[in-house]
Amino acid sequence: MKVSYQWIKEYISGTVPKPEKVAALLTAHAFEVDGIEKKGSDTIIDVSVLPNRAHDCLSHRGIAREIAAIAKLKVKSVKV
């Protein structure tokens, strides 16, 4: 699943680590990262989400929650 670093930052309060650090954190704690690609002013992180984590991590918000938990950051509340 390809996720936008800029979108991820919108879901997390505080300073989000740089994309390379995010990829390293995800790889060490939760998922494999298949690649990082610069697209204009954004960075796209290709995350390999396992089937047993699809229910909570196949979205930008789900990946943001995972990153926030690993990096000890807070997730912003989103009003729908």
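Two strands are taken to pair if DSSP finds at least two bridges between them. Helices (H or I, at least four residues) and strands (E, at least two) are DSSP runs, numbered from the N terminus. The model is predicted: local features need pLDDT of at least 70, side-chain atom pairs count only at pLDDT 80 or more, and totals for chains, interfaces and linings use all residues. Residues are numbered from 1 along each chain as its sequence is written, and side-chain values use heavy atoms, with hydrogens and water left out.

The protein chain holds four helices and five strands. Along the sequence they follow the pattern β-α-β-α-β-β-α-α-β. The radius of gyration, taken over C-alpha atoms, is 12 Å. The globule rule (2.2 Å times the number of residues to the power 0.38) also gives 12 Å for 80 residues, so the chain is as compact as a globular protein of that length. The C-alpha trace spans about 30 × 30 × 25 Å along its principal axes. Of the 80 residues, 36% count as buried. Buried means under 20% relative accessible area, exposed over 50%, and partly exposed in between (1.4 Å probe, protein chains only). Contact means heavy atoms within 4.5 Å. Among contacts between residues at least 6 apart in sequence, 59% join residues at least 24 apart. The accessible surface, from the Shrake-Rupley method with a 1.4 Å probe, comes to about 5100 Å². Carbon and sulfur atoms account for 53% of that surface.

Three strands form an open sheet in the order β1-β4-β3, with antiparallel pairing. β1 (2–4) and β3 stand at the edges with a single partner strand each, so one side of each lacks a neighbour in the sheet. From one strand to the next, the twist averages 25 degrees. Axes are lines fitted to C-alpha atoms, for helices over the stretch in contact, and angles run from 0 to 180 degrees between N-to-C directions.

β3 and β4 run antiparallel and are joined by seven bridges. Here K39 stands opposite D42 of β4. The two strands form a hairpin with two residues between them. G40, in the turn, has a positive phi of about 65 degrees. On the β1 side, three bridges link β1 to β4, again in the antiparallel sense. K2 has D46 in β4 as its bridge partner.

β4 is mostly covered, with five of its seven residues buried. I45 belongs to this strand (residues 42–48). I45 counts as buried because its relative accessibility is 2%. Beyond neighbours within four places in sequence, I45 is in contact with M1, K2, V3, Y5, P19, V22, V33 and G35. M1 is 44 residues from I45 along the chain, yet their C-alpha atoms are separated by 8.1 Å.

Helix α2 (residues 19–29) has P19, V22, A23, L25 and L26 as its buried residues. Seen down the helix axis, these fall within an arc of 165 degrees, so they line one face of α2. The arc is that of the directions from the helix axis to the C-beta atoms. The face turned away from the buried side carries the exposed residues E20 and A28. α2 lies across β3 and β4 and runs at about 165 degrees to β3. Cover for the buried residues of α2 includes α1 (5–11), β3 (32–39), β4 and α4 (60–71).
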